[in-house]
Amino acid sequence: MSVRNIIIIGSGPAGYTAAIYTARANLNPLLFEGYLSGGQLMNTTEVENFPGYPKGITGPEMMMQFKEQAARFNTEFLAQNCDAVDFTKRPFKIMAAQKEYLAKAVIIATGATAQYLGLPSEQRLIGKGVSGCATCDGAFFKGEKVAVIGGGDSAIEEALFLTRFASEVVLIHRRDALRASKIMQDRVLNHAKIKVYWNTVVTECMGDTRLEKLKLKNTKTNQEQQEPFGGMFLGIGHTPTTEIFKGHLELDHKGYIVTKGKTTHTSVAGVFACGDVQDSVYRQAVTAAGSGCAAAIDAERWLEGQ
Ligand code: NAP
């Protein structure tokens, strides 16, 4: 079986950038895109903060362009999910769709996904009023009253975005202080369409075929109330996609891959990580792309030293 120089797992801005760089270094990378390529940006509408697109661009369009650029320099793509890895010896082994792939170096760029509260009633109503992505689903809630859960930058960004469609937005936060940056706090607290319910948690999502009401509990008084809502959006953080790496690489307490210092080196020499799978702080397309470039350079230098 042939041994590839580099296998890249993941097809967001980090994975595609790593592919562009390693392909241009003549390393002929193989990139596992997953069944759904493009990562989280496929769920966004307009991207206005990626330098080089002064008029903005949609997330899916931008990912198509990233892929096109990676293809131009001979990246090979496979639209498959990786099911398992073996990093105990070299060449590294990656299993996908019951086939085995071997590589001298691996770059992981599997990203992260939105977190949910974990209530059974919430799970039942996902796609029926409950959503993990305001930018994807917000437009379906024209004229409705919607709730956004969380007190960080993501929740506030979602709340502000939803004011374009909803008649009223209620930010529901479990504490009495927001975690978000000051500028974002000011925007949400001064917005005519946004109300904040402090010290409040959702205990049940109610409705048969669609979300109709939320059962809310005040954490200070323990008082419960039901209130009509047409939509509920989660903004409570993300979970890194690291299930298949558990036990193979060092992960932090939240499951993010640990990288060494300012580099993209993981706990296994020859395995590198970039993008949201190792970054719970910045989580931006441009920072993910930047770390994809760093991973490619780290991998290239490491291979050269072997
Ligand atoms: P975050 O900062 O970790 O905030 C998560 C929020 O959700 C917190 O307010 C947390 O409450 C709440 N929460 C978590 N689990 C909960 C649960 N089970 N029930 C109810 N509430 C829950 O996550 P994030 O907002 O996704 O941001 C992550 C990082 O990306 C941050 O560094 C952020 O600055 C950055 N970011 C930046 C931008 C931007 O600059 N435009 C946009 C988005 C994200 P507690 O406060 O009580 O812990």
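Q: Taking two strands as paired if DSSP finds at least two bridges between them, which residue stands opposite M206 in β15?
A: The residue is K213, which stands opposite M206. Please keep in mind throughout that this is a predicted model.

Q: How many bridges join β14 and β15, and in which sense do the strands pair?
A: There are six bridges between β14, residues 200–206, and β15, residues 213–218, and the pairing is antiparallel.

Q: Which residue has a positive phi in the hairpin of β14 and β15?
A: That is G207, with phi near 140°. The hairpin has six residues between its strands.

Q: What about the next pair, β15 and β16: parallel or antiparallel?
A: Antiparallel, over five bridges, with β16 spanning residues 224–228. Within this pairing, K217 stands opposite E224, and L216 has Q225 as its bridge partner.

Q: Moving on, what is the strand order of the open sheet of five strands?
A: That sheet runs β10-β17-β11-β12-β13, and its pairing is parallel. Its edge strands are β10 (130–131) and β13 (194–197), each pairing on one side only.

Q: How many bridges join β12 to β13?
A: Four bridges join them, and the two strands run parallel; β12 covers residues 168–172.

Q: Which strands does α5 lie across?
A: Helix α5, residues 153–162, lies across β11 (145–149), β12, β13 and β17 (231–234). Relative to β11, the helix runs at about 165°.

Q: At what angle does α5 pack against α6?
A: The angle is about 35°, and the axes are 10 Å apart; α6 consists of residues 182–189. The crossing of α5 and α6 is left-handed.

Q: Which residues meet in that contact of α5 and α6?
A: From α5 there are D153, I156, E157, A159 and L160, and they meet M184, Q185, R187 and V188 of α6. By class, the contact has five nonpolar residues, one polar and three charged.

Q: Switching to the other helix pair, how are α1 and α7 placed?
A: The axes of α1 (residues 13–24) and α7 (residues 285–305) come within 7 Å and cross at roughly 40°. The two helices are therefore oblique to each other. Their crossing is right-handed.

Q: Which residues of α1 and α7 meet?
A: On the α1 side, P13, A14, T17, A18, Y21 and T22 take part, and they meet A285, A288, A289, G292, C293, A296 and E300 of α7. The residues of this contact comprise nine nonpolar, three polar and one charged.

Q: Now the backbone. Which residues does a cis peptide bond join?
A: A cis peptide bond joins R90 and P91, with omega about -5°. P91 belongs to the loop between β6 (84–86) and β7 (92–96).

Q: Where is N26, and is its phi positive or negative?
A: N26 lies in the loop between α1 and β2 (30–32). Its phi is positive, near 65°, in a residue other than glycine. As background, most residues other than glycine have a negative phi, and most peptide bonds are trans.

Q: Finally, into which domains is the protein divided?
A: Domain 1 takes 3–113 + 238–305, and domain 2 takes 116–234.

Q: What distance separates their centres?
A: The centres of domain 1 and domain 2, taken over C-alpha atoms, are separated by 32 Å.

Conventions: Residues are numbered from 1 along each chain as its sequence is written. This is a predicted model: local features need pLDDT of at least 70, side-chain atom pairs count only at pLDDT 80 or more; totals for chains, interfaces and linings use all residues. Side-chain values use heavy atoms; hydrogens and water are left out. Axes are lines fitted to C-alpha atoms, for helices over the stretch in contact, and angles run from 0 to 180 degrees between N-to-C directions. Angles under 35 degrees count as roughly parallel, over 145 as roughly antiparallel, 65 to 115 as roughly perpendicular and the rest as oblique. A crossing is left-handed if the near helix is turned anticlockwise from the far one by less than a right angle, and right-handed if clockwise. Contact means heavy atoms within 4.5 Å. Ala, Val, Leu, Ile, Met, Phe, Trp, Tyr, Cys and Pro count as nonpolar, Asp, Glu, Lys and Arg as charged, and the others, Gly among them, as polar. Two strands pair if DSSP finds at least two bridges between them. Domain bounds come from an automatic or database domain assignment.
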